[in-house]
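Thanks for making the time this morning. I would like to walk through one model with you, chain by chain, and then turn to where the chains meet.

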Amino acid sequence: MTTVTLCVPILVAALVASNAHAQGAPAPASSAPPATVGSAPAPATAAPPAAAAATPAPQAAAAATPVGDPAKGREKTVMCQGCHGIDGWRTAYPEVYRVPKLGGQHEAYLTKALQEYRSGDRTHPSMRGQVAVLSDQDIADLAAYYAQGGVATARK
Amino acid sequence: MRAHPIVAAAALMTFLLTDAAAADLAAGKAKATEVCAACHGADGNSQSPDFPRIGGQYPDYLAKALRDYKAGRRKNPIMAGFAQTLSTQDIDNLAAYYSSQAPAVYFKP
């Protein structure tokens, strides 16, 4: 029983992950019932699954979104400090401007920004390099840290 | 010899005035009310987590973001539409206006 109760969440997590990659996982447990709906058309060609995965993705992502821990995020800012840790720091390439203030920013926006750098939707070379190694949990923790305090802190 | 500090001060004043004239806060405020405020708030303190807080942000960063949206270098369907309507002067005015508002974001090391 314990094995089964343990297996179910793991299996669900695996399915969510495989769904996000638009590639059907081995799907070993044929017994896993209605949760498998998403992974059923495994042998389909590349185009349709990508499109199909695009629709359920937000739902799956929302279900799998890790909760950010500000304290852990603080420890992970070491790689942010070189630019965002210096007040008024200016970029040198490809354009010169002050790197944005992050304190008090909405957590959801920070998360989205980091995800977009990681996916390549946002293109700043340094940010892309920094973010490439971050996990979803790292991103959530960093966003939680910078957002902590919000406007109340900004305006005190 | 004594004229030098005065000349320097005059030059500085000229520079500051010229710099200030480059962005028009009143025009920025008008444009912000018209285009940006519904999502980002009149003072840049957005109440929705979907829209970033921009009040008190560095003006050069805000202007860069708007230029990128306008040019399509930064992709966002909502911002692309709005940024298309902005002139270079509008962008500078808006950046100056929102950066001059009470901080909604702040430097956090």
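The secondary structure of chain B consists of five helices and zero strands, and since this is a predicted model, please take what I say about the elements as a reading of a prediction. Going from the N terminus, the order of elements in chain B is α-α-α-α-α. Chain B has 109 residues, of which 41% are buried. If we take the contacts in chain B between residues at least 6 apart in sequence, 66% of them join residues at least 24 apart.

Let me stay with chain B for one helix pair. In general, two packed helices are described by the angle between their axes and the distance between the axes. Here the pair is helix α2, residues 25–40 of chain B, and helix α5, residues 88–99 of chain B, and their axes come within 8 Å and cross at roughly 95°. That angle falls in the range from 65 to 115 degrees, and α2(B) and α5(B) are therefore roughly perpendicular to each other. Counted by class, the contact of α2(B) with α5(B) has eight nonpolar, two polar and three charged residues. Which residues of the two helices meet? From α2(B) there are B:L25, B:A27, B:G28, B:K29, B:K31, B:A32 and B:C36, and they meet B:D90, B:N93, B:L94, B:A96, B:Y97 and B:Y98 in α5(B).

Now to chain A, whose secondary structure comes to nine helices and, again, zero strands, so far as the prediction shows. Along the sequence, chain A reads α-α-α-α-α-α-α-α-α. Chain A has 156 residues, and 23% of them count as buried. For contacts in chain A between residues at least 6 apart in sequence, the share that joins residues at least 24 apart is 59%.

How confident is the predictor in chain A, and what is the mean pLDDT? The mean pLDDT of chain A is 74, with 60% of its residues reaching 70 or more. Over residues 1–57 of chain A, however, pLDDT stays under 50, and for this stretch the model has 34 contacts beyond four places in sequence.

Terms used:
Residues are numbered from 1 along each chain as its sequence is written. Chains are lettered from A and ligands numbered from 1 in the order in which they are written. This is a predicted model: local features need pLDDT of at least 70, side-chain atom pairs count only at pLDDT 80 or more; totals for chains, interfaces and linings use all residues. pLDDT is the predictor's confidence in each residue, from 0 to 100. Two residues are in contact if their C-beta atoms, placed from the backbone, lie within 7 Å. Helices (H or I, at least four residues) and strands (E, at least two) are DSSP runs, numbered from the N terminus. A residue is buried if 20 or more other C-beta atoms lie within 10 Å of its own, exposed if 12 or fewer, and partly exposed in between; C-beta atoms are placed from the backbone. Axes are lines fitted to C-alpha atoms, for helices over the stretch in contact, and angles run from 0 to 180 degrees between N-to-C directions. Angles under 35 degrees count as roughly parallel, over 145 as roughly antiparallel, 65 to 115 as roughly perpendicular and the rest as oblique. Ala, Val, Leu, Ile, Met, Phe, Trp, Tyr, Cys and Pro count as nonpolar, Asp, Glu, Lys and Arg as charged, and the others, Gly among them, as polar.
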